[in-house]
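Visitor: Could you take me through this model, one question at a time?

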Amino acid sequence: MASSSSGKHPMYRGIRCRSGKWVSEIREPRKTTRIWLGTYPTPEMAAAAYDVAALALKGSEAVVNFPASVASYPVPASTSSADIRKAAADAAASLQKSENKTSETNQVGTVQHHEVKDFEITTEEYVDEDAFLNLPNLLVDMAEGLLVSPPRITSALSDDDSPDNSHGGSLWNF
């Protein structure tokens, strides 16, 4: 499947392509931090990881990628990022196993050997660029800037530019 130039998947939520692999993360509700869910070989695995995290953080009202699979997803032990990350990795791993079984049953008359590769789950800390660059407060700062009075403009050409000496002229008359 083709992906957009930003790396986001055109169909699945919470995932993007990075260096040929699919990464998944989710923003914590009412916070600027994100939970890193891991790096996976297929977009479906990354999307399943996102689904588990979305359900854990947002409950049954969460918008998920695979609504029919919600009942089969593992439930995290708590809403801590470590427990959510582990349950997300378990969901992705079970999806990979079911994909392998499906492809084996679709092979008629041939023997196919699958080498299951471990997918990479990184535990590195995620730096939220929005928070780092103070972007959540950008609009507030811009609005405050509009409340500041503009500086007085004085003309260097004439010392007598007062409204009284404007000879009835106005900017709107020109």
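This is a predicted model: local features need pLDDT of at least 70, side-chain atom pairs count only at pLDDT 80 or more; totals for chains, interfaces and linings use all residues.

Guide: Residues are numbered from 1 along each chain as its sequence is written, and side-chain values use heavy atoms, with hydrogens and water left out.

Visitor: Which element of the protein chain has the highest mean pLDDT?
Guide: pLDDT is the predictor's confidence in each residue, from 0 to 100, and its mean over the protein chain is 75, with 60% of residues reaching 70 or more. It stays under 50 over residues 1-5 and again over residues 105-117. Among the elements, which are DSSP runs numbered from the N terminus (helices, H or I, of at least four residues; strands, E, of at least two), helix H3 (residues 129-132) has the lowest mean, 61, and the highest, 93, belongs to H1.

Visitor: How many of the 16 residues of H1 are buried?
Guide: Helix H1 covers residues 43-58 and reaches 22 Å from its first C-alpha to its last, close to the 22 Å expected at 1.5 Å a residue, the expected span being 1.5 Å times one less than the number of residues. Buried means under 20% relative accessible area, exposed over 50% and partly exposed in between, with a 1.4 Å probe and protein chains only. The buried residues of H1 include Pro43, Met45, Tyr50, Asp51 and Leu57, and their number is twelve.

Visitor: Is Ser24 buried or exposed?
Guide: Ser24 is found in strand E2 (residues 21-27), where a polar atom of its side chain lies 3.4 Å from the backbone oxygen of Gly14. Leaving out residues up to four places away in sequence, Ser24 touches, among others, Trp36, Tyr40, Ala46 and Tyr50, where contact means heavy atoms within 4.5 Å. Because its relative accessibility is 0%, Ser24 counts as buried.

Visitor: What distance separates the C-alpha atoms of Val63 and Arg13?
Guide: Val63 lies in the loop between H1 and H2, and beyond four places in sequence it touches Arg13, Tyr50 and Ala54. Val63 and Arg13 are 50 residues apart along the chain, yet their C-alpha atoms are separated by 8.6 Å.

Visitor: What is the relative accessible area of Arg30, a residue with positive phi?
Guide: Most residues other than glycine have a negative phi. Ser19, in the loop between strand E1 (15-18) and E2, has a positive phi near 55° and counts as exposed because its relative accessibility is 75%. Arg30, in the loop between E2 and E3, has a phi near 60°, and this residue is also exposed, with a relative accessible area of 84%.

Methods: A polar contact is a pair of N or O atoms within 3.5 Å; within protein, one must be able to donate a hydrogen and the other to accept it, and residues adjacent in sequence count only if both atoms are side-chain atoms.
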